[in-house]
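Some questions about the labels used for a structure, each answered by setting a value against a cut-off.

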Amino acid sequence: RDLAGNVDPTPVVRSFTVDLTPPEVVEQAPTGDVYVPVTYIYVTFGEAVNAETFTVDDIILTGPGGGRAGGSLRECSSSTNTTKMRQNGKARCNGG
């Protein structure tokens with residue numbers, strides 16, 4: 001009803017859905033146990049990821065036995081599904 005008491009014969013109806021399922025990692029490189037230094041780490045998600053709410057700080061690398069691997073990461077490039085990273089303190093992301 002409006003302020004005069006009239007009823008709208010065709011009211012606007014809106015609906016939305018909240019996706020409560022977080023994106024899952026569907027691919028990463030390298031894989032398995034790696035015993036040599038790597039230049040980059042790639043993580044690919046099964047759906048688009050919002051770069052404003054997801055950063056490399058949200059990624060945890062684990063070492064043998066499940067403990068946290070040392071060092072921190074920085075993002076080198078990102079698409080909607082894949083993030084390319086390298087360890088901080090190493091060569092620049094562009095390889096230079």
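Q: Where is the place of Ala51?
A: Ala51 sits in the loop between E2 and E3. Strands (E, at least two residues) and helices (H or I, at least four) are DSSP runs, numbered from the N terminus.

Q: What kind of model is this, and how are its residues numbered?
A: The model is predicted: local features need pLDDT of at least 70, side-chain atom pairs count only at pLDDT 80 or more, and totals for chains, interfaces and linings use all residues. Numbering starts from 1 along each chain as its sequence is written, and side-chain values use heavy atoms, with hydrogens and water left out.

Q: What is the mean pLDDT of the protein, and which elements have the lowest and the highest?
A: pLDDT is the predictor's confidence in each residue, from 0 to 100. Its mean over the protein is 77, and 83% of the residues reach 70 or more. Among the elements, strand E3 (residues 73-78) has the lowest mean, 73, and strand E1 (residues 25-29) has the highest, 87.

Q: How many helices and strands does the protein have?
A: There are zero helices and four strands, and from the N terminus on the order is β-β-β-β.

Q: Why does Ala51 count as exposed?
A: Exposed means over 50% relative accessible area, buried under 20%, and partly exposed in between (1.4 Å probe, protein chains only). Ala51 has 57% relative accessibility, so Ala51 counts as exposed.

Q: Why is Glu75 called partly exposed?
A: The relative accessible area of Glu75 is 39%, so Glu75 is partly exposed. Glu75 belongs to strand E3. Its C-alpha atom is separated by 7.8 Å from that of Thr55, 20 residues apart along the chain.

Q: What makes Thr44 count as buried or exposed?
A: Thr44 has 17% relative accessibility and therefore counts as buried. This residue lies in strand E2. Leaving aside residues up to four places away in sequence, Thr44 touches Glu24, Val25, Val26, Glu27, Asn81 and Thr82, where contact means heavy atoms within 4.5 Å.

Q: How many aromatic pairs are there, and why is the pair called tilted?
A: Rings of Phe, Tyr and Trp (its six-membered ring) pair if their centres lie within 6.5 Å; planes under 30 degrees apart are stacked, over 60 edge-to-face, and the rest tilted. The count is one aromatic pair. The ring centres of Tyr40 and Tyr42 are 6.3 Å apart and the planes are at 55 degrees, so the pair is tilted. Tyr40 is buried at 16% relative accessible area, whereas Tyr42 is partly exposed at 35%.

Q: What makes the nonpolar surface patch, and why does Tyr35 count as exposed?
A: Val34, Tyr35, Val36 and Val38 make a nonpolar patch of about 410 Å². Tyr35 is placed in the loop between E1 and strand E2 (41-45). With 69% relative accessibility, Tyr35 counts as exposed.

Q: Which residues does a cis peptide bond join?
A: The bond joins Ala29 and Pro30, with omega about 0 degrees. Most peptide bonds are trans.

Key
Patches are made of residues with over 30% relative accessible area and no salt bridge: like charges are joined within 9 Å, nonpolar side chains (Val, Leu, Ile, Met, Phe, Trp, Tyr) within 5 Å. Accessible areas come from the Shrake-Rupley method with a 1.4 Å probe; for residues, only the protein chains shown count as cover. A salt bridge is a side-chain nitrogen of Lys or Arg within 4 Å of a carboxyl oxygen of Asp or Glu.
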